[in-house]
2 protein chains.
Amino acid sequence: MRDTILRTIEGVHEQVAQSDGGALADDIPALTRADPDHFGIVMVTADGRRYEVGDVQVPFTVQSVSKAFTYGMALHAHGEAAVAQRVGVEPSGEAFNSISLDPSTGRPRNPMINAGAIAVTALIPELSARPRFATILDAFSRYAGRELDWDREVFASESATGFRNRAIANLLRSRGMIGDPVDGIVEDYFRQCAIEVTCADLGVMAATLANSGVNPITGDRLLDDANVERVLAVMSTCGMYDASGTWVYEVGLPAKSGVSGGVVGVLPGQFGIAAFSPRVDARGNSVRGVAACRKLSSAFDLHLLRAPSLSTHTIRRSYRLSEAASSHSRPDVDHAVLGARGASVLIVELQGDLFAISIERLAHEVVSTAAQISTYIVDLKHTGAIDRSTGRLLRALATDLVADGKQLLIADPGGVLDPSVLAGIEVTVTASLDLATLICEQQLLAAAGRPDPESTRVELDAFELTRHLTDHDRARLLPRFTERRYAAGSVIIAQGDDADEVFLLAEGVAREVRRRPDSGISERMADLYPGVTFGELGLLNQARRTTTLLAATDVRCFVLTRAQLMQLRSTDHLVYTRIVENLLVGAAERLRRTSQETAMLRG
Amino acid sequence: MRDTILRTIEGVHEQVAQSDGGALADDIPALTRADPDHFGIVMVTADGRRYEVGDVQVPFTVQSVSKAFTYGMALHAHGEAAVAQRVGVEPSGEAFNSISLDPSTGRPRNPMINAGAIAVTALIPELSARPRFATILDAFSRYAGRELDWDREVFASESATGFRNRAIANLLRSRGMIGDPVDGIVEDYFRQCAIEVTCADLGVMAATLANSGVNPITGDRLLDDANVERVLAVMSTCGMYDASGTWVYEVGLPAKSGVSGGVVGVLPGQFGIAAFSPRVDARGNSVRGVAACRKLSSAFDLHLLRAPSLSTHTIRRSYRLSEAASSHSRPDVDHAVLGARGASVLIVELQGDLFAISIERLAHEVVSTAAQISTYIVDLKHTGAIDRSTGRLLRALATDLVADGKQLLIADPGGVLDPSVLAGIEVTVTASLDLATLICEQQLLAAAGRPDPESTRVELDAFELTRHLTDHDRARLLPRFTERRYAAGSVIIAQGDDADEVFLLAEGVAREVRRRPDSGISERMADLYPGVTFGELGLLNQARRTTTLLAATDVRCFVLTRAQLMQLRSTDHLVYTRIVENLLVGAAERLRRTSQETAMLRG
């Protein structure tokens, strides 16, 4: 079927293509070779899906779009304070090629005008083994996710005619804003502007900024969050030259344009946008590129100030352990203990990227339940990144919890939590929610005086299967069981086999695993503890095993085969009936538990 | 236990309180009465939780903080185009009380300087029945969520000394930017500035902007999304007077200050912030207020450009109907049909506020599954607001789906979808996911030639309970059943009763309901259709009913009591055994289905 998003972008492309305003830039003679009708639009989601319309593979030189990326490189190399010595962050209200510095500080006003960009290029470290421009080209290639080259002819043309930029560079040198050699720095700046990209490349580069500095296609991290914010802040107020108030008001996207016709826009966390069309207006912005940004911003509501209500959606669900225990099977008496005592354990599943507001929501949940809850389990399975400040808040919350005598467990299957966040605080971090729940279950059972399942042996006549049998009947039944041992790791039941045996787990832990249909990887579904009966479900209707059970430790079982059971049916019918009754009671109990859980999980 | 969030804000308050820079404003003589040491900080989440530290109940006049709110009122009353005739959106680079207009347009440069604010006040409609200031005071009261008053003494003081503002107003009048009477407009502007608020009030007013224009405490809508964005855009670039680039770069919050010491900041979708302390700097910004905003922004990472990755979190889960059908009970043969044919129905549960990126994610899911899926169910239960552009995209997607011959159902329990979004497109909107699933199940069953359950009658000997019985045994068993009828609405099984009967549903629909422990409201858990056996689970172990079943339509059942069953046990043991076996097979089948579902739902 048609791709609705692509169709919407095609609609924008078609509308905007009708305009042929503007003219090829003639600042650099070689740019006049461009085909003025070329026009491409690219949107790339922050997680890497690409939508491309029009001339997205036509190469052109990146020009001033490069300024945003080298500014990020300088911040990354030297830190914000050092960079602030050389370039400001205020809109200049002047043209991009103005030959003037801030009179009070001597700095260029911002890194998006040529003076600021040259000062920034000078900040890219030059090492003997690695010339400055090689570092720049390499970084741009990583932003684009492919090896980029540069256009020697455009470089030569710019170098032969770039007197104004040489003037700026010498002015910068005179104020000590750049070092030596001035010519080498200007030439590297010209090379940087001559890096050859396509609209498709710019889309990925923009998406890297939208994705907090990680190229969503390659997974390569180019910048940290804080520097991405700084780059975007300067793009917001200075990226489209003058009229920054109007740009924030009407389009609301941090953006950067170049005189060769490229424009990038960034909606943090959502989209990177690129447009390319060579005809530019008097300010040097691509006429169609700007129009495309405006129309995309309106069609997709890509306004920075339209933010989602994180507050109400940060808790996926929250419930007591008594409402949905771990998926493990225990003797009914243990399940009863957990049903009663599990009300003191609260499980909070978070979702989305974690922000201050997420921790606020969690803290509120904690404060308002603290009277009833002694243990909190926080599940991070459905969360994304945790930034530094959020980490600090989470640490503060954990500190307050522990100080109040509460227990805190954090399930972090994706490893989103930097271990240093909780260093020195008594918090248990587990690899899954199920494991955290399991730990709490074992604590609750131990507190109720139940024996540790891992060291328990259950005798044959203690199983619920043998309830309500007379001694005589029990003596008839028990010899029909075979004792069987499984070494840790061996298969007890294999999916697809005939379900022709029922197992009473006397010792050790059995583990139900399931092969994921997509990946073929086996994952743990549940652990079964001594006292549990399993494998009985398919016994009567000749079914096949639906799951595989392995011995998680050395395991000892009592096994009754279907043949034995059927023999019992004819020779000791009353005993047989009692067993089926007991199985039915067990199944009823499990069904009651499962449906309650399902209702909660559906919620 | 301690509230971690409050504690963090207290920490900021304590640190910032140590500074006593700045001085009381003396522009307006009455302001010098303020206690310079007062200092309050308030944070209010976009969904209305409040954190208040320090002097948050001290009244003061709102002064220039009012400008942001009257600008919103003007946009709301006249639309953006009309307001743009009278005031621009560019930072002025001049002081707040500068007597100058944009030379090219004659407009004040933006609504946050006095000239712009007076032009905006003049735009608030004056009706004969309702003077302009009454409209303003009423709107401010709704923003604050309580009835506000104004300080006559401050007004009189400002009116007696406000020559500069009178000069500005007359300049505006000379350029036709305001009408008559000039004096009346200026006096209304002075009254607006003299509205008395507390820091707590400003927190709620800021949170109203953070919550897309809806006061989160009262639920009152003051502005629509698009106008909120406009107000915030102007606050971002002009709210803190000059140095807008630095403000966006360092603090990154749309903000507005006033000369009496108030500051508001807004992080859309997350927090409203207010601070109050009367000592101001040379620009007229509260010294502690600005410091508090900076420190809060850093402690909570409240930067506009730090956005969540919506892209990866917008789909809560997505699964085939065959993996988790509706919660309804049907004869096994129908469940088998659904298990096979349900793979053509995809259920996509969305979450969070819906943005363009959410629809992009949904569209991607649709396009990449279109080859296998004929029906899509989209669940909006966990989503928040849907804005206009998102609505348009959703409409485009629905159009493409229907054009491709697919069926689309949308479950919208919260009514977040404006009906006009899908007007004219063949889409079924239901009040719950369960209902949408049910509709698809009925279609699948009908397509497989299964009879319509609502008009089905199942005879006693067709139930699975009587499987594998000889004619002789069946003749012994069937007379023990009683036929029973229930009128629609009557109770079949009541929660807490003895579970002493098993029911075979012959005709009509039975409905399981459960009282919610919190609200006491009964909610539908599942419908049961003819051919289903129920009530059998507690039969053998003397259990109590865990749910209530009502007759959803007129219902006819065959009932076997525990007494009859026990009699059968002694008189016709083989028949009894067969029944228990059949019940066990049925329970095993249900358990298999439920555990598969639970595993999926836990996922």
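**Notes on the model**

1. Ile118(B), neighbours within four places in sequence left aside, is in contact with Asn165(B), Ile168(B), Ala169(B), Leu172(B), Ile178(B), Ile185(B), Val186(B) and Tyr189(B). Contact here means C-beta atoms, placed from the backbone, within 7 Å.

2. This is a predicted model, in which local features need pLDDT of at least 70 and side-chain atom pairs count only at pLDDT 80 or more, while totals for chains, interfaces and linings use all residues. Residues are numbered from 1 along each chain as its sequence is written, and chains are lettered from A and ligands numbered from 1 in the order in which they are written.

3. Ile118(B) is also among the residues with the most contacts inside the largest nonpolar core, along with Ile118(A), Ala206(A) and Ala206(B). That core has 284 residues. A nonpolar core is a set of buried Ala, Val, Leu, Ile, Met, Phe, Trp, Tyr and Cys residues joined through C-beta atoms within 7 Å; buried means 20 or more other C-beta atoms within 10 Å of the residue's own, all placed from the backbone.

4. At the interface, 99 residues of chain A are in contact with 98 residues of chain B. The copies meet through the same surface, because 99% of the interface residues of chain A are also interface residues in chain B.

5. Chain A can be laid on chain B by a turn of 180° and a shift of 0.0 Å along the axis, with an RMSD of 0.3 Å (least squares on C-alpha atoms of residues with pLDDT of at least 70 in both). That is the relation of a two-fold axis. Leu584(A) comes closest to the rotation axis of the residues of chain A, at 2.5 Å (C-alpha).

How values were computed:
Two residues are in contact if their C-beta atoms, placed from the backbone, lie within 7 Å. A residue is buried if 20 or more other C-beta atoms lie within 10 Å of its own, exposed if 12 or fewer, and partly exposed in between; C-beta atoms are placed from the backbone.
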